[in-house]
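Please open the model in your viewer and keep the selection panel at hand.

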Amino acid sequence: AMRSAMQQLVLLGALRPSDGSLSDLGKKIASLPLEPMYARLLLDANKFHCVAEVLSLVAMLSVDSIFYVPPGQQQKADAARRRLQSYYGDHETLITIYNRFVDMSVVVVSCCRICLKL
């Protein structure tokens with residue numbers, strides 16, 4: 001297990017392959033309170049101009065599940081989840097779900113402002 005973890009850290013660039021010491025990138029990875037793979041992903045996101053998307057994705061991947069299934073509603077919840085699934089995979093599906101959530105939040109806030117005349 002230890003060898004596998006060290007190999008992963010070398011592949012992520014967190015450890016130097018020559019002596020196993022912490023690299024500069026490894027220091028940045030270690031400074032983030034995330035799994036090393038997520039930290040590396042977040043650090044690389046800036047290069048690809050997708051920090052917001054990656055931050056949202058890492059947040060959703062860092063919890064047990066983003067889905068709530070009301071008691072007795074499993075089939076309904078599964079059908080709703082299928083409608084949001086992306087052909088491109090689970091990560092794209094999570095981003096789609098997050099974007100829909102943000103869109104709905106904007107609608108709800110707008111309705112509240114109109115109704116409450118804020």
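Select Tyr38, Leu42, Ala45, Val54 and Val58: these 5 residues form the largest nonpolar core of this predicted model. Such a core is a set of buried Ala, Val, Leu, Ile, Met, Phe, Trp, Tyr and Cys residues joined through side-chain atoms within 4.5 Å. Buried denotes under 20% relative accessible area, exposed over 50%, and partly exposed the range in between, with a 1.4 Å probe and protein chains only. Next, display helix H3 (36-45) and helix H4 (51-61), each of which supplies at least two residues of the core. H3 provides the largest share, 3 residues. In soluble globular proteins, nonpolar side chains tend to be buried together.

Two conventions apply throughout. The model is predicted, so that local features need pLDDT of at least 70 and side-chain atom pairs count only at pLDDT 80 or more, whereas totals for chains, interfaces and linings use all residues. Residues are numbered from 1 along each chain as its sequence is written, and side-chain values use heavy atoms, with hydrogens and water left out.

Now centre on Ala45. Leaving aside residues up to four places away in sequence, Ala45 touches Cys50, Val51 and Val54, a contact being heavy atoms within 4.5 Å.

Move to His49, in the loop between H3 and H4. Its phi is positive, about 55°, although His49 is not a glycine. His49 counts as exposed, at 74% relative accessibility.

Select Phe67 and Arg81 next. Arg81 lies over the face of Phe67, 4.0 Å from the ring centre; the criterion is NZ of Lys or CZ of Arg within 6 Å of the ring centre and within 35 degrees of the ring normal.

Proceed to the 1 aromatic pair of the structure. The ring centres of Tyr87 and Tyr88 are 5.5 Å apart and the planes stand at 80°, so the pair is edge-to-face. Rings of Phe, Tyr and Trp (its six-membered ring) pair if their centres lie within 6.5 Å, with planes under 30 degrees apart termed stacked, over 60 edge-to-face and the rest tilted. Tyr87 is exposed at 78% relative accessible area, and Tyr88 is exposed at 69%.

Finally, show the whole protein as a cartoon. The secondary structure comprises 6 helices and 0 strands, where helices (H or I, at least four residues) and strands (E, at least two) are DSSP runs numbered from the N terminus. Of the 118 residues, 19% are buried.
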